[in-house]
Amino acid sequence: MNKTFWGYKRSDGRVGIRNHVLILPASVCASDTTRIIANQVEGAVSFNHQLGCSQLGEDFEWTMNVVSGYAANPNVYGTIIVGLGCENHQAGLIAEEIKKKTNKPLEILIIQEQGGTLNTIAKGTNLARQMVQDAVQLRREEFPVSELIVATECGGSDPTSGLASNPSIGELSDLVVENGGTAVLSETTEFIGAEHILARRAKNKEVHDKIYEIIYRYEDHIERNTGLSVREGNPSPGNKEGGLTTLEEKSLGCIHKGGTTSVNNVYGYGELMKKGEGLVIMDTPGNDPSSVAGMIAGGAQVVFFSTGRGTPTGNPLAPVVKITGNRETWQIMKDNLDYNASQVIYGEKTMKEQGEDLFNELIEVANGKLTKSEVFGYTETAIARAANFV
């Protein structure tokens, strides 16, 4: 399965599979302005940012990591930051963080300094048009799979997730690792009950101990701040409706997405990841949009997302390939799903064959094939908070 793909070489040395210009809101107060600017210019993207103000400490830092990481993501050609002017996440502070991570094109607009919304939209639209014109001058070049960081996620899980779709993604993860790339396993709360299995696969004692550390941190935090166990909210009502009965059952299905290779590193939420590192873990919540946001901020160019009950989730920067192992879900939500992994349950394909299918899908999407979420224009974004949730 040694293949190459055609991507965009960035000035910082990374390789993107999309060529977006990001109109980045510094805070909730700038979100509608950035949305309007992005809607004026084909090739520009934005998202609904609900944070960026009234944040302190770790909460402030996590949000800063994600928004600056979004700008640094290889799928972004350049960024225009739009701030209101009085928020905690000042546009200038965001720009400083972005410059630590990348040297790509960057512009700043402050609504209060531009004289209001209309002037900011006019100036931002002109800047975006020019940046898009520069971006489209780039031509795709051929690169090895080792340039890719592939995020994995599961949401709306049911028993078919652990039986079919997650193991198929695990086969894909093994192929990505075999070809020198990085595969990312996420959702720390959904390791609980299976953490000992992951820890046995750690490449050294440091990684082994870090896996237990992130599990204990989540459990302790939630218990101290709510008086409840993480098991009070996991499995979710939708998981139970689908047939999952315990958190351990859900966790055993979740970790299948990591395949069979050694776990080589554990990254903090939104932390910039290395390419060519094999299988790694990012410490994220189980909440799908915020987990995905952390991995995209960390540099993942594409997401493979399994779902038993179905979801329309997308992302403004990276294609999200959605897979289900439930044949009924495939029929009911075919508009939102990209691959039917139920074939292995019915004996129509082997798990290895489905993993190879997903690897081929990875190459096609990296070469420009649009996912269902991209066609619909889904841009769901949430960012984890210091008050952790499951």
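**Side-chain contacts and backbone features**

Glu-187 is found in the loop between E9 and H7, and in this predicted model the residue has a positive phi of about 70° although it is not a glycine. Glu-187 is buried, with a relative accessible area of 0%, and its side chain takes part in a salt bridge with Lys-257. Across the structure the count comes to 13 salt bridges, a search for aromatic pairs finds five, and the number of disulfides is zero.

**Salt bridges**

- Lys-257 and Glu-187 form a salt bridge in which the closest N and O atoms are 3.5 Å apart. This pair links distant parts of the chain, since Lys-257 lies in the loop between helix H10 (247–254) and strand E10 (263–267), while Glu-187 lies 70 residues apart from it, in the loop between strand E9 (182–185) and helix H7 (195–200). Lys-257 counts as buried, at 1% relative accessibility, and Glu-187 is buried as well, at 0%.
- Glu-97 and Lys-100 meet through their side chains in a salt bridge, with 2.9 Å from N to O. Both residues belong to helix H3 (residues 91–101), where they are three residues apart, or about one turn of the helix. Lys-100 is exposed, its relative accessible area being 64%.
- Glu-348 and Arg-327 are joined by a salt bridge between their side chains, at 2.8 Å from N to O. Glu-348 lies in the loop between strand E14 (339–340) and helix H13 (351–366), and Arg-327 lies in helix H12 (residues 327–332), so the pair ties together parts that are 21 residues apart in sequence. Glu-348 counts as partly exposed at 47% relative accessibility, and Arg-327 counts as partly exposed at 25%.

**Aromatic rings**

- Among the five aromatic pairs found in the whole structure is that of Tyr-212 and Tyr-216, whose ring centres are 6.0 Å apart and whose planes stand at 35°, so the pair is tilted. Tyr-212 and Tyr-216 are four residues apart in helix H8 (residues 205–226), which means that about one helical turn separates them. Tyr-216 is partly exposed, with a relative accessible area of 47%.
- Phe-376 and Tyr-378 form another tilted aromatic pair, with 5.6 Å from centre to centre and 45° between the planes. Phe-376 is partly exposed, with a relative accessible area of 47%, and Tyr-378 is partly exposed, with a relative accessible area of 29%.

**Around Tyr-346**

- Arg-327, the salt-bridge partner of Glu-348, lies over the face of Tyr-346, at 4.0 Å from the ring centre.
- Tyr-346 is also part of a nonpolar patch on the surface, which it forms with Leu-163 and Ile-345, and the accessible area of these residues together is about 320 Å².
- Leu-163, which contributes to that patch, lies in helix H6 (residues 159–178), and it counts as exposed, at 57% relative accessibility.

**Cysteines**

- The structure holds zero disulfides. Cys-29 is accordingly in no disulfide, and the nearest cysteine sulfur, that of Cys-53, is 6.0 Å away. Cys-29 is partly exposed, with a relative accessible area of 43%.
- Cys-154 has its closest cysteine sulfur in Cys-254, and the 4.2 Å between the two sulfurs is too far for a bond, because a disulfide needs the sulfur atoms to be within 2.5 Å. Cys-154 counts as buried, at 2% relative accessibility.

**Positive phi angles**

- Ser-54, which is not a glycine, has a positive phi near 60°. Ser-54 lies in the loop between strand E4 (44–45) and helix H2 (57–72), and it is exposed, with a relative accessible area of 66%.
- Glu-187 likewise has a positive phi, of about 70°, but whereas Ser-54 is exposed, Glu-187 is buried.

Definitions and conventions:
Residues numbered from 1 in each chain as written. Predicted model: local features only at pLDDT ≥ 70, side-chain atom pairs only at ≥ 80, totals over all residues. Heavy atoms only, no water. Phe/Tyr/Trp six-rings, centres within 6.5 Å; stacked < 30°, edge-to-face > 60°. Helix = DSSP H or I, 4+ residues; strand = E, 2+ residues; numbered from the N terminus. Buried < 20%, exposed > 50% of the residue type's maximum accessible area, 1.4 Å probe, protein only. Lys NZ or Arg CZ within 6 Å of the ring centre and 35° of its normal. Patch = residues over 30% accessible without salt bridge, like charges linked within 9 Å, V, L, I, M, F, W, Y side chains within 5 Å. Areas by Shrake-Rupley, 256 points an atom, 1.4 Å probe, with all protein chains shown as cover. Salt bridge = Lys/Arg side-chain N within 4 Å of Asp/Glu carboxyl O.
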